[in-house]
Amino acid sequence: MPIDITMPALSPTMEEGKLAKWHVKEGDSVSSGDVIAEIETDKATMEVEAVDEGKIGKILVAEGTDNVKVNAVIAVLLQEGEDASAVAAPKAEAPKAEAPKAETADAGTVTRADAATQTAPTAKADTNANTGSSAPAAAKPAPAKTEGGKVFASPLARRLAKEAGIDVSAISGTGPKGRVVKSDVEAAKSGRTPLKAAASAPAAAGAAPTGMSRNQVIGLYEEGAYELVPNDGMRKVVAARLTESKQTVPHFYLTLDCKIDSLMAAREQINALAPKSKDGKPEYKLSVNDFVMKAWAVALQRVPMANATWAGDSILYHKRSDVAVAVSVPGGLFTPVVKAADTKTLRQISDEVKDLAGRAKSKKLAPHEYQGGSSSVSNLGMFGIREFAAVINPPHGTILAVGAGEERVYADKGQVKTAQFMTVTLSVDHRAVDGALGAEVLGVFKSLIENPVMMLA
């Protein structure tokens, strides 16, 4: 029986994408692992590999097609002994409303898409984070089909489920005929998809209020006095994620002023000692944000209970300080993650942030580079912003908003003095981190940023 090749969900936020390029044509034979297409998502351009082997019987979506819904059939794969007459000529149109939910993406592999050979789409896409992950799935997951108690699952999915200590029968399958595939296991491990034991939990809340409609807004302004620009995929995701965050995450905010004379002196000294290349350029130049990233990562290690993520019926306490950094890109923002930032030198953090930010702007990040993390840093100091409160990027438990360093007058034992100060505001998910705990970790950050040498202690 021919196998439908469907539009895969290549990230937790993906609901549709552009079929940028086919690497195969009708009649070509493919093997498992062969790259068959390139898909542009809201965040990156990614290659899609064949899961099954066979011959391309029919290509149903031409390359260059925009807005192809996740799980829409894009091609048909013929198995051994089948010919083109076996293709039932399904339409390449996007699935109807009742359809589907997308299989969650393989977050750990850049080019792999287990969903590539799904047959009928059975679920609906997660509305995960812009800058993070895990949104409630509104659609009910397709139950994994069983026969005589046997669960249909791929060998890889079974192995991964076993390694993760998850009963594969508790995982809802989104593969062909409800088969459990690798991405189902990944989704279950990350908590994006509940296990069946929890499936009876209250369904995700209905559609959240979205404010005034498009027509209501347009009606308030004189025609011709504005330019209407449709939202692209990234803007839609940013809007959905941050709306979700503000509506479902109980934020509270903590603000401190940090005296950064020692930091500025250390930075100047380190940069001055940087080796020079043949043309006299320094090999590195640390920024204030590099110190902030390091200090915040170390603070999370010293107050581990604050290195937390709310996960519904439990809390994840992270062993590493995987700190995301907000990067502004045309049309939106990314939050690539610097993993184990507490263990890295300032120069390593600086190089990594530069690399991630550069590739974020060209949409060349792989999912594992912008998913995960337990906290974020957002710095608007370079724009002269004195202080602000950032919106938490789910599922992170905190985000540190950093303002501009500036000279201020302050009182010291009855004397008026001046020094450089920087104001930071910590936004905290009160479900995972309480007020005193938030204050404790922010206090540790302040001590480190004011005495940078203590990051080495």
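1. Lys413 sits in the loop between β19 and β20. Lys413 is not a glycine, yet its phi is positive, about 50°. Its relative accessibility is 83%, so Lys413 counts as exposed (exposed means over 50% relative accessible area, buried under 20%, partly exposed in between, with a 1.4 Å probe and protein chains only). Helices (H or I, at least four residues) and strands (E, at least two) are DSSP runs, numbered from the N terminus.

2. A word on the basis. This is a predicted model: local features need pLDDT of at least 70, side-chain atom pairs count only at pLDDT 80 or more, and totals for chains, interfaces and linings use all residues. Residues are numbered from 1 along each chain as its sequence is written, and side-chain values use heavy atoms, with hydrogens and water left out.

3. The protein chain has 9 helices and 20 strands. Of its 457 residues, 46% are buried. Take contacts (heavy atoms within 4.5 Å) between residues at least 6 apart in sequence: 65% of them join residues at least 24 apart.

4. Rings of Phe, Tyr and Trp (its six-membered ring) pair if their centres lie within 6.5 Å; planes under 30 degrees apart are stacked, over 60 edge-to-face, the rest tilted. Tyr410 is partly exposed at 21%, whereas Phe421 is buried at 12%. The structure holds 3 aromatic pairs.

5. Now the second largest pocket, with a volume of about 760 Å³. Its lining has 37 residues; the closest to its centre are Ala326, Ser378, Asn379, Leu380 and Met382. Elements giving two or more residues to the lining include α6 (288-302), α7 (346-361) and β20 (415-429). The largest share, 5 residues, comes from β19. A pocket is an open set of points on a 1 Å grid over the protein atoms alone, where a 1.4 Å probe fits, with protein on both sides within 12 Å along at least five of seven lines; lining residues have an atom within 4 Å of a point. Points join across faces, edges and corners, and the volume is the space filled by probe spheres set on them.

6. Pro394 and Pro395 are joined by a cis peptide bond, with omega about 10°. Pro395 lies in the loop between β18 and β19. Ala340, in the loop between β17 (337-338) and α7, has a positive phi near 50°. Ala340 is buried, at 16% relative accessibility.
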